[in-house]
Amino acid sequence: MNDDDYSATQLGSHWFERPARETAPDRAEGEVLRFGPGVTEVAARRAGNTLTAVQIWHGTLPGVPAPRPVRSRWPFRYMFAAVVLAAVLAFLAWREYGPRVAVRDVTVGVLGTPGRSIGCDGTADIVGVVRTDGRPGTLTYHWERSDGTRSAPLRERLTRGQEAAELRLLWTFHGSGTHHAEARLVITSPTVHTSATAFTYRCG
């Protein structure tokens with residue numbers, strides 16, 4: 001290379017090495033300085049020494065309270081629905097299986113007997129009317145006749161709203177003569193009630 005052809009070239013300023021600048025701390029807490037990336041020797045000396053610049057930090061960050069669990073309102077809605085359902089079922093059970101029918105009055109008579117008498121070989125149509133409070137239930141009863149006979153236990157089922165029941169007995173007579181007869185209706189359940197009627201059989 002010839003010296004005559006040589007010329008100096010000016011270097012850009014970014015080629016020169018400049019003294020490192022100190023890095024400002026992110027924040028200071030007490031006597032401990034926390035530094036960001038690129039900790040320089042000067043900044044390390046401020047903290048005490050380069051080996052313990054990070055190790056001397058022994059504090060804890062402020063705790064963040066854990067989010068409270070969100071309580072669902074569905075259980076309360078289900079509970080309310082369950083209470084309503086239980087009340088409805090209790091009402092239905094009480095209406096169906098609660099207090100049974102109550103007997104208020106019992107009367108007995110003979111149908112189609114002018115002057116309360118029947119003729120030869122006639123049949124007395126005896127009817128007992130039981131009045132109730134209209135609740136459902138079952139009546140248990142039997143008939144007793146003045147000739148000493150008694151029917152087997154009988155039952156009459158009452159539906160809701162039925163406030164009266166007719167219980168019937170047919171008593172047939174044969175032969176001549178006069179006979180004074182009496183028929184008695186005995187209610188044994190739900191409570192005991194009795195009623196009777198008398199008539200006369202005449203033939204000859």
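Ring pairs link Trp171, Phe173, Phe199 and Tyr201 into a cluster. Rings of Phe, Tyr and Trp (its six-membered ring) pair if their centres lie within 6.5 Å; planes under 30 degrees apart count as stacked, over 60 as edge-to-face and the rest as tilted. This is a predicted model: local features need pLDDT of at least 70, side-chain atom pairs count only at pLDDT 80 or more, and totals for chains, interfaces and linings use all residues. Residues are numbered from 1 along each chain as its sequence is written, and side-chain values use heavy atoms, with hydrogens and water left out.

In one of them, the ring centres of Phe173 and Phe199 are 5.8 Å apart and the planes meet at 80°, so the pair is edge-to-face. The pair links distant parts of the chain: Phe173 sits in the loop between E8 and E9, Phe199 in strand E10, 26 residues apart. Strands (E, at least two residues) and helices (H or I, at least four) are DSSP runs, numbered from the N terminus. Phe173 and Phe199 are both buried. Buried means under 20% relative accessible area, exposed over 50%, and partly exposed in between (1.4 Å probe, protein chains only).

Phe199 also belongs to the largest nonpolar core. That core has 25 residues, and those with the most contacts inside it are Ile126, Val130, Trp143, Trp171, Leu185 and Phe199. Strands E3, E5, E6, E8, E9 and E10 each give two or more residues to it. Such a core is a set of buried Ala, Val, Leu, Ile, Met, Phe, Trp, Tyr and Cys residues joined through side-chain atoms within 4.5 Å. In soluble globular proteins, nonpolar side chains tend to be buried together. Beyond four places in sequence, Trp171 touches residues including Ile126, Arg145, Asp147, Glu182 and Phe199. Contact here means heavy atoms within 4.5 Å.

Now the sheet. Five strands form an open sheet in the order E4-E10-E9-E6-E7, with mixed pairing. E4 (117–118) and E7 (154–158) stand at the edges with a single partner strand each, so one side of each is left without a neighbour in the sheet. Two strands pair if DSSP finds at least two bridges between them. E9 and E10 pair in the antiparallel sense over 11 bridges. Across that pairing, Glu182 stands opposite Ala198 in E10. Ala196, also in strand E10, is partly exposed at 33% relative accessible area. The C-alpha atoms of Ala196 and Glu182 are separated by 6.9 Å.

What does a search of the whole structure find for disulfides? It finds 1. A disulfide is a pair of cysteine sulfur atoms within 2.5 Å; those of Cys120 and Cys203 are 1.8 Å apart. Cys120 lies in the loop between E4 and E5 and Cys203 in strand E10, so the pair ties together parts that are 83 residues apart in sequence. The S-S torsion is about 105°, so the disulfide is right-handed. Cys120 is partly exposed at 44% relative accessibility, whereas Cys203 is buried at 14%.

Finish at Thr132 in strand E5. Thr132 is buried at 2% relative accessibility. A polar atom of its side chain lies 3.2 Å from the backbone nitrogen of Gly134. The backbone oxygen of Gln162 lies 3.1 Å from a polar atom of the Thr132 side chain.

Technical notes:
A polar contact is a pair of N or O atoms within 3.5 Å; within protein, one must be able to donate a hydrogen and the other to accept it, and residues adjacent in sequence count only if both atoms are side-chain atoms.
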